[in-house]
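Student: I have not looked at this structure before. Could you take me through it step by step?

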Amino acid sequence: MVSDSRGSPASLDQARPDSDELLADVLRGLSEPPYALSPKYLYDQRGSELFDRICDLEAYYPTRTELSILEESGGEIASAVGGEALVVELGSGSSNKTRALLDRLPQPAAYVPVDISREHLEAAAARIDGIYPELEVLPVAADYTRPFPLPRPTCPAERTLLYFPGSTLGNFDLPDAEDFLARQAEQAGSGGGMVLGLDLQKDVDVLLRAYDDPEGITAAFNRNLLQRLRKELGADLDIEAFAHRARFNEELGCVEMHLESLTDQEVRIGGHAIPFQTGQTIRTERSYKYTLDGFRTLAERAGFRVAQVWTDPAAYFSVQYLEVV
Ligand code: AVI
């Protein structure tokens, strides 16, 4: 049963940044080099569709590896979590990893998908409702990086379980990741926890192939941001004059996506002229790759204890159960 999120004024349209906010952020990010924009702007309707296609690519190992861990170790993960949990999926997207958890959890109290994209959210909520007609589904359209109140399920929950698959935490810079986790530990509260999917460090060639796939889908995903600037902000820019680049930042231990200017040019946005020299880039995303020890330290600083970790045989990816301390 899909319900409105009772008692939750946040439920509806805290979601999409409006064009004033987008313009202000874009002008801030492009005010001086090195230019950088928030990765959240990659996900308009087209960007979300392209991201779904990335997840199916052979080169993009994270999705299938995480799913294989969830399939293989789902029973153990469910035992670690326990029954009657309010399952809150942060950034649920198309909820394609939800079943792997919900199929095994003993009597979840309700399922709360949280996503900034209302279109994705409604479709995903309806799909989950069709599969689990007995389960209360309480969709919340919100930017989960900001505080939002949790809806109250009809059946009281024993605990709050935050579900954050897909290594989305990897897209936060390290101080932001720690702050975010600390807020989530507070949100989950005493007895609560988080099932987290987290990508791990590995061979750089494997990483770069995943972020610059031979089919060019990741390139289209990255360059779609330029299309968005044209469409939503009336930016005067030539998309063909920028190329997708993936780089590994050794110092930070992350893959970075950039849009590289192929020529000396000026881009006009909101009455501002932004100069580019050939080779100059806009950084559009960082995707941090953790070590298990490095992450444990970060989680502990944020108020979580890493209770259990599952990985694939090659240790490309991890699923972790964190308990609120
Ligand atoms: C959503 N996020 C975890 C993806 C990642 O791997 O950092 C986004 C992505 N960017 C390029 N490919 C996928």
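Student: Which strands does helix 7 lie across?
Tutor: This is a predicted model. In it, helix 7, residues 204–211, lies across strand 7, strand 8 (254–261) and strand 11. The helix runs at about 155 degrees to strand 7.

Student: In what order do the strands form the open sheet?
Tutor: The order is 1-11-8-7, with 4 strands and mixed pairing. Strand 1 (35–36) and strand 7 (242–249) are the edge strands, each pairing on one side only.

Student: In which sense do strand 1 and strand 11 pair, and over how many bridges?
Tutor: They pair in the parallel sense, over 2 bridges, and strand 11 covers residues 281–288. Ala36 stands opposite Arg283 of strand 11.

Student: Turning to the ligand, how many residues surround it, and which are the closest?
Tutor: The ligand is surrounded by 14 residues, and the closest are Tyr60, Asn171, Tyr211, Glu285 and Ser287. By class, the shell has 7 nonpolar, 6 polar and 1 charged residues.

Student: How much of the ligand does the protein bury?
Tutor: Taken alone, the ligand exposes 340 Å², and the protein buries 96% of that.

Student: Which elements give two or more residues to the shell?
Tutor: Those are helix 2 (45–55), helix 8 (217–233) and strand 11.

Terms used: Residues numbered from 1 in each chain as written. Predicted model: local features only at pLDDT ≥ 70, side-chain atom pairs only at ≥ 80, totals over all residues. Heavy atoms only, no water. Pairing = 2+ DSSP bridges. Contact = heavy atoms within 4.5 Å. Axes fitted to C-alpha atoms, helices over the stretch in contact; angles between N-to-C directions. Near = heavy atom within 4 Å. Areas by Shrake-Rupley, 256 points an atom, 1.4 Å probe, with all protein chains shown as cover. Nonpolar A, V, L, I, M, F, W, Y, C, P; charged D, E, K, R; others polar.
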